[in-house]
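Hi there,

Here is the structure I promised to pass on.

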Amino acid sequence: MADWQITYRCNENCISCIIPEEVYGREVPEKITELFLHQNEDDVISIGGGEPTLHDDILDILQKAREENPGATIFLVTNGRMFAYEEFVQELSELELGDFRLGISLYGHEAEVHEKVTRVEGSFRDTVQGIKNLTAEGFEVEVRVVVHRLNHEHLPEIYSFVDEELPGISRLVFMNAKYSGRAYDNREELLVEYPEVVPYMEEALSLTEEENFPVRLFHFPLCTLDEEFRDYAATGNTKDSGAEEIGYASVCEECGRWEECSGIWQSYLNLVGEDEFEPIQDGES
Ligand code: SF4
């Protein structure tokens, strides 16, 4: 997957942003964005930022990304606020983007919870309206909830809100926070350990029997979840990918699910240590 960050400007000020403080608010040089457009060997191209919809040429960039990479899925990672403007959704609709999806961050089920993270008044209203406008036009929208101390107790309410208010989305993803950039700087406020999160996560998952969309968990290692909830967790062997941001505990090699486990954020291991990870025995699912 190619990951293109086309601007570090943003119309939010998230406490959990993984962009380093020193680049926040800057532009990415045009030449680098041009170079991105010619990387054409990946089957998924993720375009993000900062907030990519603030880039003056965002619609041209999407169009060029499609033309240069005809076989790729194009994935726009955004806070969705700009799509509260119906005209902007219309302009996006007029591009012929083919296999195109959006991943939109939502941190809470109400303004008070969401805006404690974004630190921008009105951002909850805009994001929710943006998601509604996009799904009404038939766009594929994945709602992404980054989980940390400021919202973990609200996971069941967040699930219910999305289920009731945003049924047109294609998928709901709960992602455990990565502690880098500003999120690392704010770790005292944000850090929450799996044993504290998982009861709320499992309560939310227990509500999903008749959902309109699939629910997935990213960065929830299988051993942190009760057996009955492990099918929700994304798996995928990352051991040979060379990704330094993903790590494993020393006990992982004894685990019956080691081959498929997608690992643990290295930033989490650095802060919390390895004690909570327990090998799954062969025979357990
Ligand atoms: S023990 Fe390690 S390999 Fe097994 S599920 Fe947990 S994190 Fe993954």
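Below is what turned up, going from the whole chain down to single residues.

Two things before you start. This is a predicted model, so local features need pLDDT of at least 70 and side-chain atom pairs count only at pLDDT 80 or more, while totals for chains, interfaces and linings use all residues. Residues are numbered from 1 along each chain as its sequence is written.

The overall picture: the protein chain has 10 helices and nine strands. Those are DSSP runs numbered from the N terminus, with helices being H or I of at least four residues and strands E of at least two. The C-alpha atoms fill a box of roughly 50 × 40 × 35 Å along the principal axes. Buried residues account for 35% of the 285 residues. Buried here means 20 or more other C-beta atoms within 10 Å of a residue's own, exposed means 12 or fewer, and partly exposed is in between, with C-beta atoms placed from the backbone.

The chain splits into domain 1 (2–218) and domain 2 (238–285), with bounds from an automatic or database domain assignment. Their centres, taken over C-alpha atoms, are 26 Å apart. Ten residues is the share of domain 1 in the contact, and domain 2 gives six residues; contact means C-beta atoms, placed from the backbone, within 7 Å.

Now the inside. The largest nonpolar core has 65 residues, and I47, I74, V141, V143, V145 and L155 touch the most other members. Such a core is a set of buried Ala, Val, Leu, Ile, Met, Phe, Trp, Tyr and Cys residues joined through C-beta atoms within 7 Å. Leaving out residues up to four places away in sequence, V143 touches I104, L106, I131, V162, L166, I169 and L172.

There is also a ligand, surrounded by 16 residues, with P221, C223, C252, C255 and C261 the closest.

A cis peptide bond joins G49 and G50, with omega about 25°, and G50 sits in the loop between β2 (44–48) and α2 (58–68). R119 has a positive phi near 60° and lies in the loop between α4 (111–118) and α5 (123–136). H219 has a positive phi too, near 65°.

Cheers

Technical notes. Contact = placed C-beta atoms within 7 Å. Near = placed C-beta within 6 Å.
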